[in-house]
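Me: I would like to learn how to read helix packing and aromatic pairs. Please take me through a case.

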Amino acid sequence: MAKKLDYATKRTNLKVYRNLLYDTFHRHDCFYCGRKLKSIEVDHFIPWSFVRNDKLWNLALACPKCNNSKRDSLSTRYYIEKILAQNDYIIEHSNNIDVVKREFKIYEPKKIYEMYECAIFNGFDYGWSPNATA
Ligand SMILES: [Zn+2]
């Protein structure tokens, strides 16, 4: 129970990440389907139910349709390259923003691959893409 409360408080700052990604790093299209974002949701690339935390390098902006349909699934591997490219962009354009420096302190691209494989190993659905579910 205490753990659940802890997770709940940790999830309240997603708005900060949303604004960072949208305003500072100009992510104005859905990470998955590419449509212009009208309503913005924050997606955990590696599902939150697996990683249990919010790290900027694991977050992408998505439209409600993609976010709701992806849920606790892993995307196709194609999107691994895309999240790595987004993270490269963030690192290049971070201009020493404190939040970014802090969030990326322990980031390594291979971590994304490892977490992806580990989540599959732990039974998470994978291979989700906006086209496959349309
Ligand atoms: Zn979408």
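Reply: Start with two helices: α5 and α7 are roughly antiparallel to each other, a label for angles over 145 degrees. This is a predicted model: local features need pLDDT of at least 70, side-chain atom pairs count only at pLDDT 80 or more, and totals for chains, interfaces and linings use all residues. Numbering runs from 1 along each chain as its sequence is written, and side-chain values use heavy atoms, without hydrogens and water.

Me: How are two packed helices described?

Reply: By the angle between their axes and the distance between the axes. Here α5 (residues 78-92) and α7 (residues 109-121) pack at about 150°, with axes 10 Å apart. Axes are lines fitted to C-alpha atoms over the stretch in contact, and angles run from 0 to 180 degrees between N-to-C directions. Helices are DSSP runs (H or I, at least four residues).

Me: Which residues of α5 and α7 make the contact?

Reply: From α5, I80, E81, I83, L84 and N87; from α7, P109, I112, Y113 and Y116. Contact means heavy atoms within 4.5 Å.

Me: And how is a pair of aromatic rings described?

Reply: By the distance of the centres and the angle of the planes. Rings pair if their centres lie within 6.5 Å; planes under 30 degrees apart are stacked, over 60 edge-to-face, the rest tilted. The structure holds nine aromatic pairs. Y32 and W128 have ring centres 5.2 Å apart and planes at 85°, so this pair is edge-to-face.

Me: Is Y32 buried or exposed?

Reply: Buried, at 5% relative accessibility; the cut-off is under 20% relative accessible area, with a 1.4 Å probe and protein chains only. W128 is buried too, at 6%.

Note on methods: Angles under 35 degrees count as roughly parallel, over 145 as roughly antiparallel, 65 to 115 as roughly perpendicular and the rest as oblique. Rings of Phe, Tyr and Trp (its six-membered ring) pair if their centres lie within 6.5 Å; planes under 30 degrees apart count as stacked, over 60 as edge-to-face and the rest as tilted. Buried means under 20% relative accessible area, exposed over 50%, partly exposed in between (1.4 Å probe, protein chains only).
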